[in-house]
Amino acid sequence: MNLDQYLPVLLFILVGIAIGVVPLVLGYVLGPNRPDPAKNSAYECGFEAFEDARMKFDVRYYLVAILFILFDLEVAFLFPWAVVMREVGLTGFIAAVIFLAILVVGFVYEWKKGALDWE
């Protein structure tokens, strides 16, 4: 096996690492470092943190996030059908309707189970 075939892969990896590391190093070296009490104060919510950063989150947060990603990705599959609707004809249209029906059934199921309710 000839090692010349791996040169493009090695270059790709090196360029990727450089694109990720060089801006960080430049920012660290060239960026100003003038901390003051205003910069180091709590700014997100206006008061000091009162708990550990590793506190537990409610599972519903993750459930809603996962459901959003799931339905968002499923809806994204409709765009290719919309682009080629004339070429796929009635068969593609029926497939899209079946896909949407399954999507609606899943959405109604999640709605009835209360997974989308935020209390």
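**Close-up views of a predicted model**

**View 1. Residues 88-109 are 100% helix and 0% strand, with end C-alpha atoms 30 Å apart.** Helices here are DSSP runs of H or I with at least four residues, strands are E runs of at least two, and both are numbered from the N terminus. This is a predicted model, in which local features need pLDDT of at least 70, side-chain atom pairs count only at pLDDT 80 or more, and totals for chains, interfaces and linings use all residues. Residues are numbered from 1 along each chain as its sequence is written, and side-chain values use heavy atoms, with hydrogens and water left out. The UniProt record (an unreviewed entry) gives the feature "transmembrane region" at residues 6-30, 61-82 and 88-109; such annotations may be inferred rather than shown by experiment, and the positions follow the numbering used here, with shortened feature names. Now look at residues 61-82: this span is 95% helix and 0% strand, and its end C-alpha atoms lie 32 Å apart.

**View 2. The protein chain has 5 helices and 0 strands.** The mean pLDDT (the predictor's confidence in each residue, from 0 to 100) is 83 for the protein chain, and 87% of the residues score at least 70. Among its elements, α1 has the highest mean, 94, while helix α2 (residues 37-40) has the lowest, 72. Where pLDDT is low, the predicted coordinates should not be read in detail.

**View 3. Phe 71 and Phe 107 form one of the 4 aromatic pairs in the structure.** Their ring centres are 5.6 Å apart and their planes stand at 85 degrees, so this pair is edge-to-face. Rings of Phe, Tyr and Trp (its six-membered ring) pair if their centres lie within 6.5 Å, and planes under 30 degrees apart count as stacked, over 60 as edge-to-face and the rest as tilted. Phe 71 sits in helix α3 (residues 59-76) and Phe 107 in helix α5 (residues 85-113), so the pair ties together parts 36 residues apart in sequence. Ring pairs also bring in Trp 111, linking Phe 71, Phe 107 and Trp 111 into a cluster. Phe 71 is buried at 15% relative accessibility, and Phe 107 is partly exposed at 35%. Buried means under 20% relative accessible area, exposed over 50%, and partly exposed in between (1.4 Å probe, protein chains only).

**View 4. Phe 77 and Phe 99 make another edge-to-face pair.** Their ring centres are 6.5 Å apart and their planes are at 90 degrees. Phe 77 lies in the loop between α3 and α4 (78-83) and Phe 99 in helix α5, so the pair ties together parts 22 residues apart in sequence. Phe 77 is exposed, with 53% relative accessible area, whereas Phe 99 is partly exposed, with 22%.

**View 5. Ile 13 belongs to a nonpolar surface patch of about 1200 Å².** Other members include Val 9, Phe 12, Ile 17, Tyr 28 and Leu 30. Ile 13 is found in helix α1 (residues 7-30) and is partly exposed at 44% relative accessibility. Patch residues have over 30% relative accessible area and no salt bridge; like charges are joined within 9 Å, and nonpolar side chains (Val, Leu, Ile, Met, Phe, Trp, Tyr) within 5 Å. A salt bridge is a side-chain nitrogen of Lys or Arg within 4 Å of a carboxyl oxygen of Asp or Glu.

Key:
Areas by Shrake-Rupley, 256 points an atom, 1.4 Å probe, with all protein chains shown as cover.
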